[in-house]
Amino acid sequence: MQEPQIIAMIVADACRYDSMYPHIKKWMPYLYNNSTHFLQARSPGCWTLPSHASMFSGLLPHDHGATTQTRTVPDSFPTLAGLLKEKGYYSVMITANVATTDVFGLNRGFDEMHKIWRESPNNGDEWFYGIVGFLWRPRFRNRVFKSFIDRKLSEDVEGLRVFFRSYGKELLKMARKRVSDLLNQGKKIFLYINTYDTHFPYHTNEQFRLKSKGFKNKIGEFLTLMDIINNRHLTVENYRADPGWMQFMKLRQRQAVRRFSIHVDKFARWLRKRVPESTIIYCSDHGEQFGEENGLYHFSNVTEGGNRVPLIWSRAGQNHKITIEYPVSLRNIYNSILCEAGIDNRKNWHLTESPEKSLSVIEAYWYNAHGKTKEKYKRNQFAFVDEKKKYVFRNGSWFIVDIDKDDSITELGTAGVVNPIEESSLSSERKKELELEFNKFLQFEKEIPLS
Ligand SMILES: [Zn+2]
């Protein structure tokens with residue numbers, strides 16, 4: 001296949017697999033019929049930073065080191081955008097997510113970066129953001145968002161706009177404009193887009209809105225949203241996620257994904273019309289737990305809701321549908337894009353051609369909620385998917401999960417007694433690779449302080 005003139009990678013942040021998949025045919029007829037669909041893709045990390053660092057470096061979290069603990073991307077390895085630049089691609093990031101920007105260093109290698117909340121015109125609602133900015137002083141902020149991830153993330157008061165309004169349409173509008181301008185200059189383009197519409201608080205409308213009926217239910221919905229962003233289960237003794245509200249949150253996210261995906265499909269059609277040799281990748285970076293294993297949000301999980309992700313890949317000129325069931329990892333987006341761009345083709349293989357080369361490893365490191373995380377959640381985890389099972393290693397023991405069932409985790413036994421890597425259906429070469437990654441994980445987690 002020829003090298004694409006445009007490589008567009010669109011990330012629906014925090015979108016669960018099941019928030020997109022049952023409806024994709026209706027929402028995205030173009031991409032549905034002209035793409036390769038990965039039905040068993042997993043994110044290597046459980047929140048924006050580690051997962052993106054993996055997609056942009058091809059490394060697992062224990063190798064790139066960007067975790068909840070470090071909160072930074074080391075500059076010791078080349079990035080996807082940087083390598084594409086060497087091959088003549090001009091790279092553009094258009095994002096609604098503060099975490100993908102210079103805050104953590106994920107913009108390394110990009111030629112330009114657009115923070116949509118700064119560049120998109122306001123709707124005459126400046127007064128509202130003035131009040132929000134005023135209230136967003138540290139004392140108030142710490143009271144409302146008790147465990148909100150990082151000072152760095154909340155320093156950009158303007159960035160708070162993404163919690164109150166949808167930018168999905170604006171992102172794609174700006175993308176069309178930048179693509180048109182750059183094409184006129186004869187450039188090859190790597191375009192990365194991140195929408196926050198599908199992320200908490202899940203924008204079901206242009207402006208943030210509570211969707212339940214009646215005052216009492218609206219209060220319940222609001223409190224559930226607060227519990228989610230504060231990862232309440234981590235810090236509150238005997239917290240039980242309410243199944244009814246968790247279903248409701250899934251619905252909120254599904255509506256948000258629908259809104260954005262319809263625009264993505266139009267954008268894909270437009271792009272293909274302009275440049276038939278364009279590659280379009282539409283995926284998520286991780287999901288949400290919404291009650292799975294009693295978890296609410298993301299940041300410290302290896303659950304199915306939190307890590308099984310949609311991954312749709314339409315290669316330059318592809319005009320038919322392919323389905324791949326083999327469990328793969330998002331981190332291999334890196335080598336697949338490099339492969340398509342014709343960079344070092346012996347080393348870089350493509351997910352659509354050799355999915356069995358992928359290791360669906362997931363890692364999570366414990367999340368420190370301002371010193372209040374309960375002991376039982378101070379755990380680092382390593383997981384992989386093999387056929388219909390997922391194997392999870394935490395606190396010295398292996399657990400097994402039936403991937404078709406929510407909440408089906410059972411203990412297998414202590415390490416050494418049982419070795420699911422050895423007993424997996426993988427080839428001996430893949431087993432060796434997995435064993436090596438597992439040992440590197442064990443080594444890496446020793447460096448993570450438990451308080
Ligand atoms: Zn994310």
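## Helix α16

The buried residues of helix α16 are I333, Y334, N335, S336, I337, L338, C339 and E340. A residue is called buried if 20 or more other C-beta atoms lie within 10 Å of its own, exposed if 12 or fewer do, and partly exposed in between, with C-beta atoms placed from the backbone. Helices (H or I, at least four residues) and strands (E, at least two) are DSSP runs, numbered from the N terminus. Helix α16 covers residues 333–340 and is mostly covered, with 8 of its 8 residues buried.

These buried residues pack against β1 (6–12), α4 (48–57), α6 and β6. Just after α16, G342 adopts a positive phi of about 75 degrees.

## Basis of the model

The structure is a predicted model, in which local features need pLDDT of at least 70 and side-chain atom pairs count only at pLDDT 80 or more, while totals for chains, interfaces and linings use all residues. Residues are numbered from 1 along each chain as its sequence is written.

## The nonpolar core

A nonpolar core is a set of buried Ala, Val, Leu, Ile, Met, Phe, Trp, Tyr and Cys residues joined through C-beta atoms within 7 Å. In soluble globular proteins, nonpolar side chains tend to be buried together. The largest nonpolar core here has 110 residues, and those with the most contacts inside it are A8, L191 and I281. Helix α14 gives the most to this core, with 10 residues.

Two residues are in contact if their C-beta atoms, placed from the backbone, lie within 7 Å. Leaving aside neighbours within four places in sequence, A8 is in contact with L191, L271, S278, T279, I280 and I281.

## Crossing of α13 and α14

Two packed helices are described by the angle between their axes and the distance between the axes. The axes of α13 and helix α14 (residues 243–274) come within 11 Å and cross at roughly 80 degrees. That angle makes α13 roughly perpendicular to α14. Axes are lines fitted to C-alpha atoms, for helices over the stretch in contact, and angles run from 0 to 180 degrees between N-to-C directions. Angles under 35 degrees count as roughly parallel, over 145 as roughly antiparallel, 65 to 115 as roughly perpendicular and the rest as oblique.

On the α13 side, the crossing with α14 (residues 243–274) is made by G220, E221, T224 and I228, and on the α14 side by W245, F248 and M249. By class, the contact of α13 with α14 has 4 nonpolar, 2 polar and 1 charged residues. In this classification Ala, Val, Leu, Ile, Met, Phe, Trp, Tyr, Cys and Pro count as nonpolar, Asp, Glu, Lys and Arg as charged, and the others, Gly among them, as polar.

## Strand pairing

Two strands pair if DSSP finds at least two bridges between them. Strand β2 (residues 36–42) is joined to strand β7 (residues 308–314) by 5 bridges, and the two run antiparallel; in β7, the bridge partner of T36 is W313. With strand β8 (residues 322–324), β2 runs parallel and is joined by 3 bridges, and H37 stands opposite T323. Strand β9 (residues 328–329) also pairs with β2 in the parallel sense, over 2 bridges, where V328 is the bridge partner of A41.

Strand β11 (residues 381–386) is mostly covered, as 5 of its 6 residues are buried. Strand β10 (residues 361–364) pairs with β11 in the antiparallel sense over 4 bridges, and I362 stands opposite A383. On β12 (residues 389–394), which runs antiparallel to β11 and is joined to it by 6 bridges, V392 stands opposite A383. β11 and β12 form a hairpin with 2 residues between them, and E387 in the turn has a positive phi of about 50 degrees.

## Loops and backbone features

F290 and H298 both have their place in the loop between β6 and α15. F290 has a phi near 45 degrees, a positive value in a residue other than glycine, and counts as buried because 26 other C-beta atoms lie within 10 Å. H298 is likewise buried, with 30 other C-beta atoms within 10 Å. The C-alpha atoms of H298 and G45 are separated by 9.7 Å, although these residues are 253 apart along the chain. Leaving aside neighbours within four places in sequence, H298 is in contact with A14, C46, W47, H286, E288, Q289 and G306.

R71 also has a positive phi, near 55 degrees, and is found in the loop between α5 (61–64) and α6 (80–86). With 18 C-beta neighbours inside 10 Å, R71 counts as partly exposed. A cis peptide bond, with omega about 5 degrees, joins F200 and P201; P201 lies in the loop between β5 (188–195) and α13 (215–229).
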